[in-house]
Amino acid sequence: MPEPAGPLDLQGALHGIGVSPGVAGGPVLRVAGVPALPAPTPVTDPAAEADRAVAALREVVAELHRRADRSGEKTLVDVLRAQAMMAEDPVLLDAVREKVLAGSDGPHAIDAAFATHRAAFEAAGGYLAERVADLDDLRDRAVAVCLGRPMPGVPSPGHRYVLTAWDLAPADTVDLDPEQVVALLTESGGPTSHTAILARALGLPAVVACPGARDLVEGTTVLVDGVTGLVRVDVDPAEVAVATAADREHRTAVAAVSGPGQTSDGHPVALLANIGSARDLAAAEEAEGVGLFRTELLFLDRSREPSLAEQAEAYREVFAGLAGRRVVIRTLDAGADKPLPFLHQADEPNPALGVRGLRLARQRPELLRTQLAAIARAAEQTGAEVWVMAPMVATRAEAAEFADAVHAAGLPKAGVMIEVPAAALRAGQLLEVVDFLSVGTNDLSQYTFAADRQSGLLAELLDPWQPALLRLIGEVGAAGRAAGKPVGVCGEAAADPLLAPVLVGLGMTSLSMSGRSLAPVRAALAGRSYADCLRLARLALDADDPARARKAVA
């Protein structure tokens, strides 16, 4: 398949960002449309109308829980449950009632209440801004119910097709039948959007941030390449059959590669899993350990901080399931754009650049002390090899202070995440005081390019193949080699099998990703020598843009 040189650069082709590997094709179909709001209607019984509007929201909540119960995909279940919690927010329900009592009918009250919430989420930035698409989906579903119409959803035509949309809501994907939907194509989104995450979880090729995707005429046959981001249009069905057969053959070969991560000449690269709780352990079964254990799920939506004993038990459950393997646990990554109710933090003008991660721990040191004590207790009870790292570190002084706290708690390995460009540029100085570094490519991209990672308009800047981002990762790799200490990637970039050899060539000693991504990355490394990785890294660094970097490496 020809490689793209830029968006819309080939006749009969579109170009976006490939976020889930594989090649598949078929006729295009869209997600069912959202009903338009009719003209406002007079309300004769405001109390009854308010009850009707709130009942519509509660029906949406019930439907989300039903879909979560039907889904066997853990990632999707978590997202649906979180979305249901948003629709149950008492503040939102009260706002709907207030709009009706002020004179609006039910559908318009729902629309107005969500508009207020949406503006607040956008203004907050960061994690909350990433949830705007979820709010839009909740609004559309609630308005449809209030109008007595079906909720928007995924078509089920009885044949294989490529699903396209502006963006996919988590609830849409529950009814998605992998026997019918062969690939995902959206005009919005980015490498960390729900569409990208869920496509990888479901093993479907996907391209996001693809201009022109919604303009495709339904029934048009396309061929989607989830690695290069190329979408060929008006492709002959026979060519689609050949390409998809080759992709199936490739997947079979990939699945046959086993053992620890290493290049063809034996250069070791630890392949680790990203998890959020003990429920994710099954997906990490084939990993050599855990490179990112997110702990914030234990803290979110809590009215009070979880106790030391409660935290220790949650950590113990994970550590016990990974006996003999490395577990890198990240201390609480919350605050600002991921607010915790029990902290009662003041509003910030720019939360994404505010008090989050380790900055929160420095303001509230008891949070970090309790968490480290719980981690140490769980590690002692299980005998696990536990490494601890902090998010949002910018300076050597912050890294040293954190390392002292980790060692004081009796934990041997302290590290920090590289998410801030200043930390990447001073990686050598950080390694003077910590034992390892882990690059979070999602945030490092966002802060390097001053581009909100959920902005579809800026998705090209957030492409992990951006040469400037790769150069910063190379700085971290060089510092790791000089210090003789491990450095890895735990962001979404680690899951890209084409990029994995480049990251190894840049000096990464480990790659951490979702469980489903392990096999393709393992096979990609096994097919390259370490010298190949070094050469590919140089090619990517010398490229002028992400498309040319991909083309040079592919």
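How many aromatic pairs does the structure hold? The answer is two, where rings of Phe, Tyr and Trp (its six-membered ring) pair if their centres lie within 6.5 Å, and planes under 30 degrees apart count as stacked, over 60 as edge-to-face and the rest as tilted. The model is predicted, with local features needing pLDDT of at least 70 and side-chain atom pairs counting only at pLDDT 80 or more, while totals for chains, interfaces and linings use all residues. Residues are numbered from 1 along each chain as its sequence is written, and side-chain values use heavy atoms, leaving out hydrogens and water.

Because Phe293 belongs to strand E10 (residues 289–294) and Tyr315 to helix H9 (residues 308–320), the pair ties together parts 22 residues apart in sequence; helices (H or I, at least four residues) and strands (E, at least two) are DSSP runs numbered from the N terminus. Phe293 and Tyr315 are both buried, that is, under 20% relative accessible area, with exposed over 50% and partly exposed in between (1.4 Å probe, protein chains only).

Next comes the pair of Trp387 and Phe436, which is tilted, with 4.9 Å centre to centre and 45° between the planes. This pair links distant parts of the chain, 49 residues apart: Trp387 sits in strand E12 (residues 385–390) and Phe436 in strand E14 (residues 436–439). Both Trp387 and Phe436 are buried.

The charged end of Arg326 sits over its ring, 4.3 Å from the centre, and Lys413 lies over the face of Trp387, at 5.4 Å from the ring centre. A charge sits over a ring if NZ of Lys or CZ of Arg is within 6 Å of the ring centre and within 35 degrees of the ring normal.
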